[in-house]
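Let's take a walk through this structure together. Have a look at the fold before reading on, and keep it open beside the text.

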Amino acid sequence: MLSSSSSSSMVNLDSCISLLHQVAFNFQELNNENCSVENTVRSSSDKSWKWIESEPVVQCDFQKLSKSHASDLFNGSWVVVAGDSQARLFVVSLLELLLGESEMEMIRGDLFKRHSDYNILIDEIGMKLDFIWAPYVSNLTDLVLGFEEKKSYPDVFVIGTGLWDMLHINNATDYGVSLKLLRDLVVLLLPVPSDFVNDGAGMNLVSVRSPNFFWLGMPKLINSMLNTDEKRKKMTDVMWQAYTDELYSSKLLQQSGGPLLLLDIHALSNNCGAHCTTDGMHYHGVVYEAAVHVMLNGLLIKSNQKL
């Protein structure tokens with residue numbers, strides 16, 4: 001179960017959060033033939049990416065978590081990841097960290113069933129993971145409403161949409177309106193620091209744990225590499241920026257006063273570059289692997305833990 005512990009050696013937490021995406025990729029270690037969605041795999045070399053070695057980043061002591069450490073962090077937890085193919089690739093990288101290679105090969109086919117949900121219980125650590133196919137903000141809104149109705153909330157909640165909306169609706173203003181509604185609903189999931197309950201002997205004060213929220217950002221879109229005319233026409237840099245502006249205006253992200261910490265796939269994919277993708281949209285698995293470790297280190301920072 002994700003929990004908090006104190007650490008006097010932590011440097012400024014907000015500063016470290018802002019440096020989480022300072023990642024560099026070792027291009028010689030990357031194999032471009034594994035960039036497609038179906039073939040996305042974890043890089044075979046631990047040298048394929050690392051945090052840059054500037055003094056502020058080094059002071060934050062970010063770490064690539066081992067399977068053992070990640071399992072400890074997620075022990076007894078419920079993780080929900082909801083979104084489009086970017087979210088699915090994120091789940092693949094997370095499971096590649098938590099499962100062995102043989103187990104991963106057994107489930108890979110189910111993971112890549114198009115436009116479908118996926119769930120797994122990792123018995124050894126009592127962790128439940130649900131991937132929810134949710135390509136539109138309205139799908140995320142329905143999901144959050146379901147949590148609120150059941151009064152049952154995941155420990156870690158990673159969500160992100162935008163690509164399908166950009167392609168099939170192509171209206172940034174409407175996207176922004178939907179995000180604002182989503183923000184208002186997510187805020188309702190945030191527990192107050194404490195709550196009063198009546199146990200029959202009077203009113204007692206009990207603590208309430210807080211879920212950990214993340215927004216999975218859209219990748220760098222390389223328009224000339226997109227694989228249909230419709231995508232190249234609609235998914236332009238100008239439209240990407242309009243959608244991103246609406247995201248920040250919605251105050252959904254912590255960077256703009258909201259509840260969700262950004263997992264910045266755009267920054268990571270941009271750093272990896274055009275040779276890390278074959279379709280201008282889906283990137284080599286190492287990009288999503290880095291995003292998983294950004295999330296893990298974000299969890300450690302937020303809960304004030306050290307390995």
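Two residues are in contact when they have heavy atoms within 4.5 Å of each other. Take the contacts in the protein chain between residues at least 6 apart in sequence: 75% of them join residues at least 24 apart.

A few ground rules before we go on. This is a predicted model, where local features need pLDDT of at least 70 and side-chain atom pairs count only at pLDDT 80 or more, while totals for chains, interfaces and linings use all residues. Residues are numbered from 1 along each chain as its sequence is written, and side-chain values use heavy atoms, with hydrogens and water left out.

Now for the overall picture. The protein chain has twelve helices and ten strands; these are DSSP runs numbered from the N terminus, with helices (H or I) of at least four residues and strands (E) of at least two. Of its 307 residues, 51% are buried. Here buried means under 20% relative accessible area, exposed means over 50%, and partly exposed is in between, with a 1.4 Å probe and protein chains only. The accessible surface comes to about 14200 Å², and carbon and sulfur atoms account for 50% of that. Such areas come from the Shrake-Rupley method with a 1.4 Å probe, and for residues only the protein chains shown count as cover.

Next, find the sheet. Six strands make an open sheet with mixed pairing, in the order E4-E5-E3-E6-E9-E10; two strands pair if DSSP finds at least two bridges between them. Which strands stand at the edges? They are E4 (118-122) and E10 (261-263), each with a single partner strand, so one side of each has no neighbour in the sheet. From one strand to the next, the twist averages 15 degrees.

Five of its five residues are buried, so E6 is largely enclosed by the rest of the structure. Val156, Val158 and Gly160 point one way from E6, Phe157 and Ile159 point the other way, and all are buried. On one pairing, five bridges join E6 to strand E3 (residues 78-83), and the two run parallel; glycine 83 has glycine 160 as its bridge partner there. On another, four bridges link E6 (residues 156-160) to strand E9 (residues 212-216), again running parallel. Helix H8 (residues 172-189) lies across E6 and E9, running at about 165 degrees to E9. For that angle, axes are lines fitted to C-alpha atoms, for helices over the stretch in contact, and angles run from 0 to 180 degrees between N-to-C directions.

Let's move to the loop between helix H11 (265-272) and helix H12 (285-302), where you'll find threonine 277. Is threonine 277 buried or exposed? At 2% relative accessibility, it counts as buried. A polar atom of its side chain lies 3.0 Å from the backbone nitrogen of glycine 280, and the side chain of threonine 277 also reaches the backbone oxygen of histidine 282 at 2.7 Å. Polar contacts like these are pairs of N or O atoms within 3.5 Å; within protein, one must be able to donate a hydrogen and the other to accept it, and residues adjacent in sequence count only if both atoms are side-chain atoms.

Glycine 280 lies in the loop between H11 and H12 as well. Glycine 280 is buried, with a relative accessible area of 0%. Leaving aside its neighbours within four places in sequence, glycine 280 touches Lys220, Leu221, Ile222, Met225 and Leu226.

Last stop: charged side chains. A salt bridge is a side-chain nitrogen of Lys or Arg within 4 Å of a carboxyl oxygen of Asp or Glu, and by this rule there are nine. One of them joins glutamate 53 to lysine 50, with the closest N and O atoms 3.6 Å apart. Glutamate 53 is exposed at 62% relative accessible area, whereas lysine 50 is partly exposed at 46%. Another pairs aspartate 110 with lysine 113 (3.4 Å, N to O); aspartate 110 is partly exposed at 36%, and lysine 113 is partly exposed at 48%. There is also a network of salt bridges linking Glu96, Glu105 and Arg108.
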